[in-house]
Amino acid sequence: MELDWSLLDWAEIGVATWDTLRMLGWSLFFTVLFGLPLGVLLFLTSRRQLLANGWLNRVLSFVANVLRSVPFLILLVVMIPVTAWLVGTSLGVEGSIPPLVVGATPFFARLVETALREVDRGVIEAVQSLGATRWQIVWKVLLPESRPGLMAAVTVTAITLVSYTAMSGVIGGGGLGDLAIRYGYQRFQTEVMIVTVVILIAMVQALQMAGDWLVARVSRK
Amino acid sequence: MIRLENLQKTFVVDGRAVPALNGISLDVPEGEVFGIIGRSGAGKSTLIRMLNLLERPDSGRIAIDGRDITGLSDAALRGVRQQIGMVFQHFNLLSSRTVAENVRLPLELTASGSRAEQDARVAELLELVGLAAHRDKYPSQLSGGQKQRVGIARALANRPKLLLCDEATSALDPQTTQSILDLIADINRKLNLTVVLITHEMGVIRRIADRVAVIDGGRIVEMGPVAEVFLHPQHAATQSMVAELSHADELADSGLLDSATGAVWRLTFVGATTHEPILFDTASRYGLSFSLLQGTVSRLKDLPYGQLVVEWHGEAARLAEAREGLSARNVVVEVLR
Ligand SMILES: Nc1ncnc2c1ncn2[C@@H]1O[C@H](COP(=O)(O)OP(=O)(O)OP(=O)(O)O)[C@@H](O)[C@H]1O
Ligand SMILES: [Mg+2]
């Protein structure tokens with residue numbers, strides 16, 4: 001098969017890339033906004049922790065597991081009415097953000113919970129022995145001490161979100177996924193497919209490198 | 001300062017009851033260095049963690065400065081904890097904070113003083129523990145002894161009246177242990193701070209404690225001034241821990257005791273007697289000859305003491321006189337053979 005690169009509409013690819021970046025940025029922002037407290041709560045309510053509460057922990061855990069076990073493509077479809085009600089449309093960049101956030105938040109929260117578990121119990125106890133409140137323990141110990149783990153969690157989540165944004169293109173979410181589906185799949189323009197895949201790979205690489213750099217920067221161990 | 005009454009604690013592990021403390025009662029007066037010693041699993045950590053309620057007793061009373069803390073609200077308990085410093089075996093420093101930031105943490109928690117006042121207090125504390133030059137390092141860049149100094153500075157930041165040390169030197173080499181114990185003793189004197197420390201090493205007790213409680217199987221089996229417990233241990237657990245330090249078991253192993261033909265006595269003396277030529281005086285006065293089988297001359301905190309195992313040769317009547325003469329000079333004589 002001959003590839004003809006002259007047919008590529010670079011302006012449209014540019015717009016699609018920008019859309020993907022916007023989807024990624026906003027959905028990552030909201031995922032961290034909701035996922036961080038959820039992860040902290042999952043951790044604190046677990047056994048032998050500061051707010052140990054079996055009942056609440058089981059409920060949160062169950063919700064997180066259910067959301068995580070729904071395939072993202074199905075979540076996208078199921079969420080359409082909710083999204084339309086929330087942001088007025090289920091299409092475009094705006095329309096893709098709610099399902100992305102709902103899909104990624106429980107995933108991120110679990111990563112946060114795991115990162116917090118890495119904090120030495122003895123350190124928490126030492127700070128308790130100094131008369132710290134639970135709130136102070138969260139802010140002054142748990143979050144700062146698990147910073148490298150949290151940075152890694154954000155990185156992994158961002159990369160997961162890149163592939164989710166591509167999938168949301170399927171239901172008209174816009175961005176690079178949308179482009180790949182419309183041109184590459186429906187009109188057999190393999191060139192578009194190749195370019196979008198290359199851009200997505202570059203994005204993931206850049207995120208991973210930035211994430212690794214940040215983790216190394218905040219590691220004091 | 002501290003009064004514990006009949007503390008009980010049983011852990012439940014996988015549905016099975018693991019008794020940890022079984023009726024602990026003790027008093028620690030202000031300004032004292034009180035040691036708690038016991039074998040692994042004896043319940044030492046459980047006990048010391050109760051003094052600031054990191055662990056709650058199933059029953060019993062814990063009074064600090066005359067106030068029972070077991071019934072306090074969360075807020076009141078935090079206030080009490082701020083008055084009690086604690087130092088840990090594994091230091092438990094925040095790895096994300098520098099030395100100075102670790103020491104500042106307790107001040108941040110209590111929001112005490114302006115930023116400048118906190119800085120001044122941190123500088124003062126780092127000076128006290130000898131770490132002024134390391135203020136901007138991270139814990140991972142410090143040696144074990146230096147980490148423990150940070151731990152001590154952090155524990156002292158809010159000017160506590162009581163310092164709890166949970167195996168504070170167990171992760172350190174002998175020299176570093178000595179320097180940390182010196183620091184704790186120094187702080188105890190300078191600040192008139194009450195210190196409760198737990199350890200499984202008799203050497204630690206010997207060097208800095210005033211009184212000691214020996215705990216075994218969740219009970220106090222022996223308690224008293226260190227000189228008494230250390231030099232005349234009554235309970236088997238105490239005896240074996242003292243023996244490790246004084247090499248008394250080596251004597252039995254060496255066979256010297258069995259091959260001895262004369263009378264073998266263990267002589268124990270403390271204070272000024274330590275510096276007197278007791279053996280020579282006794283031998284010449286009663287016409288005896290002697291050989292030394294084993295001996296230690298050292299200190300219990302500030303008190304010099306000696307413990308010698310001596311084999312005597314001479315007439316039985318003169319030996320009996322010698323024994324009385326030694327007792328009259330405050331030398332405790334135990335006849336081993
Ligand atoms: N959180 C806990 N859950 C269950 N059992 C515990 C817990 N803490 C202590 N125990 C048990 O209580 C007993 C006393 O433990 P403790 O830690 O007080 O001993 P220790 O004297 O400090 O020993 P070590 O010198 O090894 O530190 C042990 O049998 C221990 O297994
Ligand atoms: Mg212990």
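Me: Which residue does B:Glu32 form a salt bridge with, and how far apart are the closest N and O atoms?
Reply: B:Glu32 pairs with B:Arg211, and their closest N and O atoms are 3.0 Å apart. A salt bridge here is a side-chain nitrogen of Lys or Arg within 4 Å of a carboxyl oxygen of Asp or Glu.

Me: Where in the chain do those two sit?
Reply: They link distant parts of it, 179 residues apart. B:Glu32 is in the loop between strand 2 and strand 3 (33-37) of chain B, while B:Arg211 belongs to strand 9 (residues 211-216). Helices (H or I, at least four residues) and strands (E, at least two) are DSSP runs, numbered from the N terminus.

Me: How many salt bridges are there over all chains?
Reply: The structure holds 24 of them.

Me: What are the ground rules for this model?
Reply: It's a predicted model, where local features need pLDDT of at least 70 and side-chain atom pairs count only at pLDDT 80 or more, though totals for chains, interfaces and linings use all residues; side-chain values use heavy atoms, with hydrogens and water left out. Residues are numbered from 1 along each chain as its sequence is written, with chains lettered from A and ligands numbered from 1 in the order in which they are written.

Me: And what are the confidence scores for chain B and for the complex?
Reply: Chain B averages a pLDDT (the predictor's confidence in each residue, from 0 to 100) of 91, with 99% of the residues at 70 or above. The complex gets an ipTM of 0.86 and a pTM of 0.87.

Me: On to ligand 1. Which residues are closest?
Reply: B:Ser40, B:Gly41, B:Lys44, B:Ser45 and B:Thr46, out of 13 surrounding residues. To count, a residue needs a heavy atom within 4 Å.

Me: Which polar contacts can you give me?
Reply: Those are pairs of N or O atoms within 3.5 Å. An oxygen of ligand 1 is 2.8 Å from a polar backbone atom of B:Gly41, and an oxygen is 2.9 Å from one of B:Gly43. In the side chain of B:Thr46, an N or O atom is 2.5 Å from a ligand oxygen.

Me: How much of ligand 1 gets buried?
Reply: The protein buries 64% of the 630 Å² that ligand 1 exposes when taken alone, by the Shrake-Rupley method with a 1.4 Å probe.

Me: Which element gives the largest share of the shell?
Reply: Helix 1 of chain B, with three residues.

Me: Switching to chain A, how many helices and strands?
Reply: Chain A has nine helices and zero strands. Its C-alpha atoms fill a box of roughly 70 × 40 × 25 Å along the principal axes.

Terms used: Polar contact = N/O pair within 3.5 Å; in protein donor to acceptor, adjacent residues only side chain to side chain.
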